[in-house]
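Me: I've just opened this one and I'm new to it. Could you walk me through what is there?

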Amino acid sequence: MATPENELAFDGGWDYAPAPESTDHISIKKRYELFIDGEFVKPEGGKYFETVNPATEERLSRVAEASTADVDKAVKAARTAYTKVWSKMKPAERGKYIYRIARIMQERAREFATIESLDGGKPIRESRDIDIPLSAAHFFYYAGWADKLEYAFPGRKPKPLGVAGQIIPWNFPLLMAAWKIAPALACGNTVVIKPAETTPLTAMKLAEVIADAGLPPGVVNIVTGAGKTGADIVEHPGIDKIAFTGSTEVGRIIQKALAGTRKSYTLELGGKAANIIFADAALDQAVEGIVNGIFFNQGHVCCAGSRLLVQESVADEVIRRLKDRMATLRVGNPLDKNTDIGAINSRQQLDTIQKYLKIGKEEGAEIYQSAARLPKKGFFCKPTLFTGVSQSNRVVQEEIFGPVLAVQTFRTFNEAIAKANNTPYGLSGGVWTDKGAKIFKMTQDIRAGVIWANTFNKFDPTSPFGGYKESGVGREGGLHGLDAYLRLEA
Amino acid sequence: MGSANVTTLPTAGRLPDLSRVPAVDEVGVNERVARFQSRSIKAKAKIDGLKLTLAMIDLTTLEGQDTPGKVRQLCQKAIHLHDSMPGLPHVAAVCVYPTMVSVAKESLKGHDINIASVATAFPSGMSSLDIKLNDTRIAVEAGANEIDMVISRGAFLAGDYQHVFDEIVAVKEACGDAHLKVILETGELGTLDRVRRASELAMHAGADFIKTSTGKIQPAATMQVTLTMLQAIRDYYYETGRMVGMKPAGGISSAKLALHYLVMLQETLGNAWMTPEWFRFGASSLANDVLMQLKKQETGVYQSPDYFSKD
């Protein structure tokens with residue numbers, strides 16, 4: 001066990017000087033309009049809302065709030081573009097447009113990354129190395145499918161659905177837009193998409209890219225707004241398909257609204273994934289996987305490994321190493337290239353996380369937080385562990401969507417599986433072991449859409465993603481992701 | 001020595017159960033190393049890191065063609081890294097063959113620079129224990145206060161861990177007060193799992209430092225191997241409370257790479273190891289690249305390599 005004599009010290013010492021990404025190269029307009037029918041248009045109601053930098057609480061821009069009339073206009077533009085242009089276009093031509101979006105996005109990657117971090121609070125290292133490259137990769141990947149759909153579904157005639165209404169969350173703003181738009185376009189659908197109200201800026205930059213790429217007007221329409229705008233999209237009779245990523249709570253409302261309609265839908269909702277560490281695992285790499293599982297993107301990840309299940313015989317060792325690793329996580333300015341944990345996305349989300357920290361303590365869990373010094377302004381949260389918890393604790397059951405990990409132990413393989421599956425969610429899971437057979441058994445027994453073995457939070461456009469149970473319906477990504485935007489005729 | 005030592009080193013003299021050493025996943029190690037390399041070290045942090053790097057260098061010449069003259073030159077460089085830049089540290093040690101130790105001792109008289117000597121039939125270690133121990137004693141008697149020994153890789157790979165362990169214990173004893181660095185020659189061990197086990201074995205046998213390579217085998221030091229060894233040092237420290245030093249050697253010739261190593265050291269073992277007492281770079285050409293970078297930080301421009309002495 002740790003004693004004062006053999007504890008490692010990480011505080012003080014050689015400190016990295018600030019290394020902020022510059023913002024000279026980007027331009028953010030004072031005001032953003034709606035992108036409808038290939039043009040930037042003012043909202044009918046004349047209303048705008050603010051988007052702030054969560055690291056400084058300063059206003060970045062004002063963004064149009066789409067009214068019911070604006071959504072109607074967008075859906076009509078999408079319908080016209082669908083019937084007159086996009087569904088009639090040769091698939092290879094459609095592919096060319098999508099490739100063009102991907103390439104422009106790559107060229108402007110630095111700008112996208114900087115704005116993503118400014119608007120959403122995620123560390124520049126992640127937006128630069130993960131969000132933006134993956135977004136471009138999704139467009140590249142689905143561009144390739146545009147003229148090969150018949151090979152994807154042999155013996156069937158794939159037909160587009162029509163107009164897709166898409167509602168995306170604030171945790172991966174551009175990446176989720178890419179996940180939604182790229183397959184929809186490749187399959188011949190047109191799109192009305194609503195970015196989250198706290199992170200609309202990269203979507204508006206994407207609107208510029210789409211305009212620059214010369215996409216026919218109305219193929220992609222971007223309507224900014226809050227829940228009401230989303231509801232307008234869901235309820236609009238001119239929509240053929242709804243694709244939603246967000247909370248299980250809102251997902252339920254959407255599913256109710258869609259019941260009895262002819263609209264098809266995919267829902268990608270919450271999660272409370274188990275990250276399972278067996279005693280025979282490569283423990284240091286497993287610790288790294290725990291960190292990537294829960295502290296990636298401040299824990300604002302639906303597939304985050306927010307429940308750690310560690311085999312009893314190595315639990316103390318693993319937790320000790322994890323605490324030492326947490327001591328080296330740098331929390332602060334998202335634009336600093338050395339920041340590991342950036343800002344919590346919004347005041348509201350910070351309140352939610354803090355509510356859970358309180359609940360955890362009140363329920364008797366032992367809380368551990370790193371010694372990180374938080375900036376005075378902005379929304380920040382220290383990386384946090386809860387130990388001494390069980391399946392009956394709310395911090396084990398409910399999605400916190402923050403840098404908060406609930407730690408439990410297990411003895412046997414079956415106990416690990418039982419605990420992993422004892423949740424209403426089923427989005428993802430992780431298993432760490434040196435034994436291949438255990439990995440295969442684990443992947444069969446855990447009821448979750450994605451299982452990572454000896455790694456965590458790895459994404460690729462070729463791999464399907466989606467949930468069981470209350471984590472959602474349908475799959476995005478890969479071949480499966482095409483299916484969600486097609487009607488397969490015999 | 002004796003019983004007092006046994007109480008501070010609870011497992012000394014006993015081969016540890018190497019089956020309990022955690023597995024190492026190479027893919028994960030590569031990812032962690034990439035994270036260290038993505039740290040951006042600028043301004044004061046860079047200058048401090050570069051100066052620390054200089055102070056951690058074991059300036060090395062280990063050639064069959066070494067002469068007393070060459071070793072004197074090396075010592076001169078060790079003392080006078082670049083006198084036109086005031087405030088520079090001197091290197092931690094010079095590292096030479098046993099026959100050159102007396103020359104180095106003479107040249108470094110009055111300076112606080114350690115004399116490291118390779119021993120134990122370096123670099124292959126293919127000799128009898130008697131010769132290895134004599135080799136060690138000769139170097140120590142000539143004035144070396146640090147001994148860099150090689151392990152018997154053949155025995156280790158054959159699974160004869162006790163043999164390797166006993167050899168290190170014997171060499172440690174022959175060192176007397178001299179510090180013992182144990183070279184694992186990781187380029188011959190083949191897997192990170194073996195590197196981790198060999199590290200544990202060497203530390204339990206009494207190593208003061210563990211060192212990656214002789215510099216005679218490729219690959220020599222890599223960040224992956226060094227990270228694995230640093231994690232073994234951490235585990236040993238958790239278990240025993242005894243600090244063990246780390247020396248990557250061979251292949252670290254750029255200032256940028258050296259800074260990546262320091263990031264890795266700091267984020268794996270913490271502040272206490274960030275001194276020449278606990279970390280060394282075994283290198284011959286690293287010093288000049290670091291000096292060039294320091295000059296660049298000072299003046300804003302790169303100078304020709306011809307402005308930096310090569311010895």
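This is a predicted model: local features need pLDDT of at least 70, side-chain atom pairs count only at pLDDT 80 or more; totals for chains, interfaces and linings use all residues.

**A first look around**

Me: What sheet do they belong to, and in what order do the strands come?
Reply: An open sheet of eight strands in chain B, with parallel pairing. The order across is E7-E6-E5-E4-E3-E2-E1-E8.

Me: Which strands stand at the edges?
Reply: Strand E7 (245-247) and strand E8 (281-283) of chain B do. Each has a single partner strand, so one side of each has no neighbour in the sheet. From one strand to the next, the twist averages 25 degrees.

Me: Which strands does helix H8 of chain B lie across?
Reply: Helix H8 (residues 161-175) of chain B lies across strand E4 (146-150) and strand E5 (179-183) of chain B. The helix runs at about 150 degrees to E5(B).

Me: Now helices against helices. At what angle do H3 and H12 of chain B cross?
Reply: Roughly 155 degrees, for helix H3 (residues 43-55) and helix H12 (residues 286-299) of chain B, and their axes come within 10 Å. That makes H3(B) roughly antiparallel to H12(B), because angles over 145 degrees are counted that way. The crossing of the two is left-handed.

Me: Which residues in H3(B) and H12(B) meet there?
Reply: On the H3(B) side they are Lys46(B), Ile47(B), Leu50(B), Thr53(B) and Leu54(B). They meet Ala287(B), Val290(B), Gln293(B), Leu294(B) and Gln297(B) in H12(B). By class, this contact of H3(B) with H12(B) has six nonpolar, three polar and one charged residues.

Me: And how does H3(B) pack with H11 of chain B, at what angle?
Reply: H3(B) packs with helix H11 (residues 255-269) of chain B at about 95 degrees, and the axes are 10 Å apart. An angle from 65 to 115 degrees counts as roughly perpendicular, so that is how H3(B) sits relative to H11(B). Here Lys46(B), Gly49(B), Leu50(B), Leu52(B) and Thr53(B) of H3(B) meet Ala255(B), Ala258(B), Leu259(B) and Leu262(B) of H11(B). The contact of H3(B) with H11(B) splits into six nonpolar, two polar and one charged.

Me: Switching topic: where is the cis bond to Pro123(B)?
Reply: The peptide bond from Phe122(B) to Pro123(B) is cis, with omega near 0 degrees. Pro123(B) is placed in the loop between strand E3 (114-118) and helix H6 (129-142) of chain B. The bond from Gln218(B) to Pro219(B) is cis too, with omega near -5 degrees. You can find Pro219(B) in the loop between strand E6 (209-211) and helix H10 (223-240) of chain B.

Me: Over to chain A, then. How is it divided?
Reply: Into domain 1 (31-269 + 468-489) and domain 2 (271-453). Taken over C-alpha atoms, the centres of the two domains of chain A are 30 Å apart.

Me: How many residues are in contact between those domains?
Reply: 20 residues of domain 1 of chain A are in contact with 28 residues of domain 2 of chain A. On the domain 1 side, helix H3 (109-120) and helix H4 (124-145) of chain A each supply at least two residues. H4(A) gives the most to that side, with three residues. The domain 1 side divides into six nonpolar, seven polar and seven charged.

Me: What does H3(A) meet in H7 of chain A?
Reply: Phe112(A), Ile115(A), Glu116(A) and Asp119(A) in H3(A) meet Leu201(A), Thr202(A) and Lys205(A) in H7(A). The axes of H3(A) and helix H7 (residues 201-212) of chain A come within 8 Å and cross at roughly 150 degrees.

Me: Last one: how many residues of chain A are in contact with chain B?
Reply: 26 residues of chain A are in contact with 30 residues of chain B. Helix H10 (residues 283-295) of chain A provides the largest share of the chain A side, four residues. That side has ten nonpolar, seven polar and nine charged residues.

Terms used: Residues are numbered from 1 along each chain as its sequence is written. Chains are lettered from A and ligands numbered from 1 in the order in which they are written. Two strands pair if DSSP finds at least two bridges between them. Axes are lines fitted to C-alpha atoms, for helices over the stretch in contact, and angles run from 0 to 180 degrees between N-to-C directions. Two residues are in contact if their C-beta atoms, placed from the backbone, lie within 7 Å. Domain bounds come from an automatic or database domain assignment. Ala, Val, Leu, Ile, Met, Phe, Trp, Tyr, Cys and Pro count as nonpolar, Asp, Glu, Lys and Arg as charged, and the others, Gly among them, as polar. Angles under 35 degrees count as roughly parallel, over 145 as roughly antiparallel, 65 to 115 as roughly perpendicular and the rest as oblique. A crossing is left-handed if the near helix is turned anticlockwise from the far one by less than a right angle, and right-handed if clockwise.
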